[in-house]
Amino acid sequence: MPSADEIRNVQRATWAELSAGWEKWDSVIMEQLGPVGAAMIERLDIADDQQHLDIASGTGEPGLSIARLAPKGRVVLTDLSAEMLDVAQRRARAQGVANIETNVCSADDLPFDDATFDSVSVRFGYMFFPDAGKATAEFARVLKPGGRLCSSVWVKPEENPWTAIAMQAIATEAVVSAPDPDGPTMFRCAAPGCVGALYEGAGLRHVAEWDVDVELVTRSPVQYWEMISEHVSLAVAALQQVNELARERIRANAIAKVSTFEKDGKVRVPGVARCIVGTKQETGGTLRHDGASSAKAG
Ligand SMILES: C[S@@+](CC[C@H](N)C(=O)[O-])C[C@H]1O[C@@H](n2cnc3c(N)ncnc32)[C@H](O)[C@@H]1O
């Protein structure tokens, strides 16, 4: 089992490399993931002066959408990858969103005082944290009493053909080993109740989870393969194991498989995400991961 530092180092390098793909395919990715961000935001009850923290913000969502809803507030976008946050800053400038700041840090060690934020969001970040329990304790620590945490993760691959199709095609040519259940991969938090149990362990109340449907829409099967092979962490890593000829065969296989999803002149491949919400109790001390009362200063 790699150490927390090793996991962070690999994640940092991986997302630095993926950031160009995320920027290139921004509009397709944002359209696909938009319903998940909207579902999370609905439960966060954003006020116009909200102080909000977006964790694993990547290229900026849902933090930038929240900043637009809180013109008198402030949103801090955080991520382990400076390159992903650079994209977020470019997107913020392009959208005219000024009430944000960025901070490169790891979810399990936040440089903020206790009880700083009204709300915290984590869209598709939980799966990559070296210690998800410690990270959740950090989110609870920096929330104000009564503040809400909302996150989202992917459910199992069988319900996410948008990525499973590509992985099945890759598996015909490369050894795709079964992911380490404790390792950082995109389906690590797929089990129902997985993230909810972490919330409860960090002392959050009123924990609830629900599923949200998504749809990846591309202009053609070829465009589907281009975007998946340039931005999905599992696919990019697996493709690095094979030579050019094998890559060509994988590409042809994935394109043939995804063609069955063509409808009305587009390719529409479904998927399912799970959102999890919880509230920090109104009174009493924040529990740290080790159960002690916290007094960490920023
Ligand atoms: C799938 S992207 C999600 C980006 C964005 N929230 C979205 O939904 O579009 C996952 C992000 O998690 C970040 N990440 C990985 N490990 C992290 C850690 N330990 N702390 C903070 N962010 C981390 C990556 O750098 C990457 O930007």
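Biologist: Which residues does Y126 touch, not counting residues up to four places away in sequence?

Modeller: This is a predicted model. In it, Y126 touches A132, S151, V153, C189 and V195, with residues up to four places away in sequence left out.

Biologist: Which residues touch the most other members of the largest nonpolar core?

Modeller: Those are V120, Y126 and F139, in a core of 60 residues. Another core, of 21 residues, lies apart from it, and its members include I165, A166, I228 and F261.

Biologist: V195 came up as a contact of Y126. Which residues of helix α7 are buried?

Modeller: In α7, residues 194-201, the buried ones are V195, L198 and Y199. They cover an arc of only 100° around the axis, so they lie on the same side of α7.

Biologist: And what covers the buried residues of α7?

Modeller: The cover includes α5 (132-142), β5 (143-154), β6 and β8. After α7 comes G203, which has a positive phi, near 85°.

Biologist: Now to helix α6. Why is α6 described as largely enclosed by the rest of the structure?

Modeller: Because eight of its 11 residues are buried; the helix spans residues 161-171. The buried residues are P161, W162, T163, I165, A166, M167, A169 and I170. Of these, I165 and A166 are among the residues of the core of 21.

Biologist: What covers them?

Modeller: Among the elements covering the buried residues of α6 are β6 (205-218), α8 (221-231), α9 (233-239), α10 (244-258) and β8 (266-279).

Biologist: Finally, the overall fold. How many helices and strands are there in the protein chain?

Modeller: The protein chain has 10 helices and eight strands. Its radius of gyration is 19 Å, close to the 19 Å from the globule rule for 298 residues, so the chain is as compact as a globular protein of that length. Its C-alpha atoms fill a box of roughly 60 × 45 × 30 Å along the principal axes.

Biologist: What percentage of the residues is buried?

Modeller: Buried residues make up 45% of the 298. Among contacts with a separation of 6 or more, 79% are between residues 24 or more positions apart.

Definitions and conventions
Residues numbered from 1 in each chain as written. Predicted model: local features only at pLDDT ≥ 70, side-chain atom pairs only at ≥ 80, totals over all residues. Buried ≥ 20, exposed ≤ 12 C-beta atoms within 10 Å, placed from the backbone. Helix = DSSP H or I, 4+ residues; strand = E, 2+ residues; numbered from the N terminus. Contact = placed C-beta atoms within 7 Å. Rg over C-alpha atoms; globule rule 2.2 N^0.38 Å. Arc of directions from axis to C-beta. Core = buried A, V, L, I, M, F, W, Y, C linked by C-beta atoms within 7 Å.
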